[in-house]
Amino acid sequence: MKITTGKQTRAQRVVIYGVESVGKSTFAAQFPKPLFLDIEQGTSHLDVDRCEINSWKQLTDALAEAKATDYQTVVVDSADWAERLCVEDLLATSKKTSIEDFGYGKGWVMVAERISRMLTSIDQLINAGKHVVLIAHSRIVKFEAPDALAPYDRYELKLSKQCSPLLKEFADELWFLRFKTKVSTTDTGRGKGIGGKERILLTTHSAAYDAKTRSGLAEELPLEWASVSHLFKSAKTAPAPAPEPEQPKVIKIEDWTIEVAKHGEAATAFLRAKEQITEDQDWTEASDRVLERMRQDVPKFLATVAAFHDLTTEAK
């Protein structure tokens, strides 16, 4: 049993939600070196790196591939649109026309299971030292607390009741963004809202909204990067497991390998020139990804090798 003590610095899991036009994406763009997984295609006004996402598979693939990039933050914009893609993919793969076709509540349970797996994959990014920001919209719902005399309105994540708790539990920081308003009473006794231009970030749960912080932030902060930037100074990568002893690479002899072997010297020279293998390796020691690409279209690969060989021969 390994025991550690004291605070540990690691990448942050942040969920940001709020009212319309408060600046959720603009605020997320200030995180360290962000990559936006842009599901809404709503970042055109921002000077950021983005990957446009149009399907659930594209989203899950992008989350997996982001681990190997040098981006320091991965932003999913937005979580509720991601849920929508998840539903569309579930219906398509199950050949259903409606989420209700699965039976009462069963479809949303299946969606929640998929979202849970997505959050597990996001933890791989956290372990790699990358912050993850999930942006979401808000909605006003009628809430009936067990100890309250009457129901009341409150802001919540614009997600299904099955998926919303998953994001709230997942987050280290759950921030609600809104415009600050004050209510004054007119001569007739009616309330009148004033202000509404100052943007604020709320970090602590209240009857009116969900929020939380694990970093001891003040309950209310100006919606400015300086308010939270100290949380993202450095993120440590989780220690990698000890590497296993390297085994000599052996490829299975198949028809395609025999065909490539006939042009082995040229194939090796080509892969070395393209930096797919080192100078002390031959073509059989290429990565599994490169070998798979060769296997999928051997004639095309050999034609490319031949053209490269002819080009280099002419140059000499």
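Predicted model: local features only at pLDDT ≥ 70, side-chain atom pairs only at ≥ 80, totals over all residues.

Two strands count as paired if DSSP finds at least two bridges between them.

**Strand β4 and its partners**
- Strand β4 spans residues 73-77 and is mostly covered, with 5 of its 5 residues buried.
- On one side, strand β2 (residues 34-38) pairs with β4 in the parallel sense, over 5 bridges.
- Within that pairing, Phe36 is bridged to Val75 of β4.
- Strand β5 (residues 131-143) also pairs with β4 in the parallel sense, over 5 bridges.

**Directions of the β4 side chains**
- In a regular strand, side chains alternate between the two faces of the sheet.
- Thr73, Val75 and Asp77 point one way from β4, whereas Val74 and Val76 point the other way.
- Residues of both sets are buried, that is, they have under 20% relative accessible area.

**Nonpolar cores**
- The largest nonpolar core comprises 70 residues.
- Those with the most contacts inside this core are Phe27, Phe31, Leu37, Leu59, Leu63, Trp175 and Val228.
- Helix α4 (residues 106-127) contributes the largest share of this core, 8 residues.
- Apart from this core lies another, of 15 residues, including Ala267, Phe270, Ala286 and Met294.

**Contacts of Leu63**
- Leaving aside residues up to four places away in sequence, Leu63 touches Leu37, Val74, Val76, Met118, Ser121, Ile122 and Leu125.
- Among these contacts, Val74 and Val76 point the same way from β4.
- Leu37, another contact of Leu63, is itself listed with the residues that have the most contacts inside the largest core.

**Enclosed space**
- Rolling a probe the size of a water molecule over the atoms shows where empty space is left.
- The structure holds 1 cavity of 30 Å³ or more, and the volume of the largest cavity is about 40 Å³.
- The lining of the largest cavity consists of Ala79, Ala82, Glu83, Ile115, Met118, Leu159, Cys163 and Leu167.
- By class, this lining has 7 nonpolar, no polar and 1 charged residues.
- Helices α3 (79-94) and α4 each supply at least two residues of the lining, and the largest share, 3 residues, comes from α3.
- Met118 lines the largest cavity and is also touched by Leu63.

Methods: Residues numbered from 1 in each chain as written. Heavy atoms only, no water. Core = buried A, V, L, I, M, F, W, Y, C linked by side-chain atoms within 4.5 Å. Buried < 20%, exposed > 50% of the residue type's maximum accessible area, 1.4 Å probe, protein only. Helix = DSSP H or I, 4+ residues; strand = E, 2+ residues; numbered from the N terminus. Contact = heavy atoms within 4.5 Å. 1 Å grid on protein atoms, 1.4 Å probe; cavity = no way out; pocket = protein on both sides within 12 Å on 5 of 7 lines; lining within 4 Å. Points joined across faces, edges and corners; volume = space filled by probe spheres on them. Nonpolar A, V, L, I, M, F, W, Y, C, P; charged D, E, K, R; others polar.
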